Amino acid sequence: MGHDDAAPLLDGRYRIEAAIGQGGMSVVHRATDEVLHRPVAVKLFHPGSVDIARQEAELGVLAGLEHHNLVSLLDAGVLTGPDGTAQRYLVMSLVVGQDLEARLSVGPLASQHIAEIGYDMAEALDYIHAHGVVHRDIKPSNILLVDYGNGSERARARLTDFGIALAAGVERLTADGVTTGTAAYLSPEQARGGDVGPASDVYSLGLVLLQCFTRRREFPGSLVESAIARLSRDPVLPEPLPEHWKHLLRAMTEQDPVARPLGGQLVAMLRDVLIAETTGAASTDPGGAASHGDATTPPAATWSGSTGSTGATETGPSGTGSATRDPAVDTGRPATLDTLPEESLQRTVAMAARLFDAPIALVDVLDEDREWSQSWIANGIDEAARNISFRSGFAPVPVPVVIPDGSVHPEMRRSPLVTGPLGIRFYVSVPLLRHDGTAVGTLAVLDVRPREATEADLANLRDLAALAVTQLEIRQESLRTTSDALPLDGGRH
């Protein structure tokens with residue numbers, strides 16, 4: 001079906017244009033409503049994919065849903081082919097915006113923005129569940145981040161694609177891998193082929209919110225592999241997450257559907273998390289400087305800790321950075337166990353800055369027993385660089401991030417790092433990975449000049465990060481050995 005006026009109209013009203021989405025059951029097209037002269041989205045189900053005779057009552061319920069966090073159903077119909085086959089179509093509002101899956105592929109989200117998305121979705125679920133509708137396919141690509149162009153500080157989240165809600169009662173794993181709900185986000189009861197209710201949507205949303213922090217699917221793999229994984233274990237929550245997030249995500253992803261929060265309870269829990277993120281960020285920031293928790297926060301805000309540097313020269317570092325530790329583990333510890341890693345991290349940031357001929361390099365690590373932070377800041381850089389603080393509550397980004405020019409980057413361009421006295425333009429970071437692949441920290445380089453990072457640059461930065469991690473792992477092994485050798489009273493007599 002083409003784009004010109006000669007293209008046939010769907011049911012004599014909707015002129016079908018380019019396909020904008022595709023799934024196992026349907027294809028979504030951009031279209032024009034020739035009666036009301038407005039753009040719409042038309043979802044065409046493949047013939048035989050839905051039970052048309054059973055849908056009429058359910059379509060009436062869906063058409064009656066009207067909520068600011070939903071994409072509205074405007075119309076529905078049935079096409080009959082020359083061979084007599086029937087094909088369902090739905091007409092929905094055409095919402096212009098990036099879906100959450102595409103947004104997560106760009107870079108990390110600030111935890112406040114994640115809380116805002118979660119709150120919007122909790123309200124949407126509360127509304128549809130109260131109207132007897134279970135979505136059954138909550139996933140990042142079905143959550144649209146809509147920018148209304150009115151200067152709002154954040155995009156609003158809207159839930160879309162209620163096509164699977166029409167297929168009630170057919171959750172099952174089949175030989176050819178067909179199921180309602182995308183494999184990575186199925187609830188345990190969906191994976192078992194059991195009865196599915198509102199609690200299933202809550203579980204799926206919990207996995208989506210967790211993915212907003214980790215930027216990876218918690219249960220990847222084939223349909224069967226993914227299903228078996230969630231039936232055998234609970235999702236793994238990143239250790240740096242604040243307790244209010246851990247409490248929420250554990251509750252949402254309980255194996256037992258009865259134990260999950262529903263309706264107003266879920267809305268209240270997300271509201272509490274959002275309040276904690278909105279009001280508690282500055283007071284809990286260990287660096288003492290205000291955190292920037294809106295949707296424009298650059299990747300630097302995914303670290304936790306403070307730079308703590310007291311100065312540097314163009315040729316080498318100065319100051320010891322900052323770190324927090326548990327005093328209980330200090331007794332009987334050789335001083336070199338902390339001195340050597342600190343020196344290693346100091347050299348790491350200095351070498352990273354020299355590698356890029358850049359004025360700022362930073363490293364932050366959440367070790368098993370303490371947090372390490374070091375910075376290298378060249379002479380002549382604005383004093384604001386001494387106060388860069390890193391928002392707590394994020395897992396380290398597990399992949400390299402390169403932003404050639406922050407002034408034109410959609411997430412970074414309004415960050416105070418860019419608009420403030422530092423005028424940061426270039427940002428590159430790599431994760432610090434343990435030998436088992438776990439990301440425990442971030443090494444980053446910042447510059448006031450727009451620039452590029454080559455594959456060779458990233459490889460060198462990764463090598464520096466690996467050397468630093470090796471020293472930290474040696475320290476952990478030494479700590480275990482020292483602990484084994486100490487008397488039970490910790491060496492005190």
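**Notes on a predicted model**

1. Let's start with helix α3, which covers residues 111-130. This helix lies across strands β8 and β9, and runs at about 35° to β9. Keep in mind while you look around that this is a predicted model.

2. Now for the sheet itself. Three strands make up an open sheet in the order β7-β8-β9, and the pairing is antiparallel. The edges are taken by β7 (97-99) and β9 (156-159); each has a single partner strand, so one side of each has no neighbour in the sheet. On average, neighbouring strands here are turned by 35° against each other, if you ignore direction.

3. Zoom in on one pair. β7 and strand β8 (residues 143-146) are joined in the antiparallel sense over three bridges.

4. Next, have a look at strand β6 (residues 86-93), where you'll find Arg88. Is Arg88 buried or exposed? Its relative accessibility is 2%, and buried means under 20%, so Arg88 counts as buried. What does its side chain reach? The side chain of Arg88 gets to the backbone oxygen of Gly77, at 3.3 Å.

5. Last stop: helix α5, residues 198-214. This helix has 17 residues and spans 25 Å from its first C-alpha to its last, close to the 24 Å expected at 1.5 Å a residue. Of those 17 residues, 16 are buried, so α5 is largely enclosed by the rest of the structure. Just after α5 comes Arg215, with a positive phi of about 60°.

Note on methods. Residues are numbered from 1 along each chain as its sequence is written. This is a predicted model: local features need pLDDT of at least 70, side-chain atom pairs count only at pLDDT 80 or more; totals for chains, interfaces and linings use all residues. Side-chain values use heavy atoms; hydrogens and water are left out. Helices (H or I, at least four residues) and strands (E, at least two) are DSSP runs, numbered from the N terminus. The expected span of a helix is 1.5 Å times one less than its number of residues. Buried means under 20% relative accessible area, exposed over 50%, partly exposed in between (1.4 Å probe, protein chains only). A polar contact is a pair of N or O atoms within 3.5 Å; within protein, one must be able to donate a hydrogen and the other to accept it, and residues adjacent in sequence count only if both atoms are side-chain atoms. Two strands pair if DSSP finds at least two bridges between them. Axes are lines fitted to C-alpha atoms, for helices over the stretch in contact, and angles run from 0 to 180 degrees between N-to-C directions. Contact means heavy atoms within 4.5 Å.
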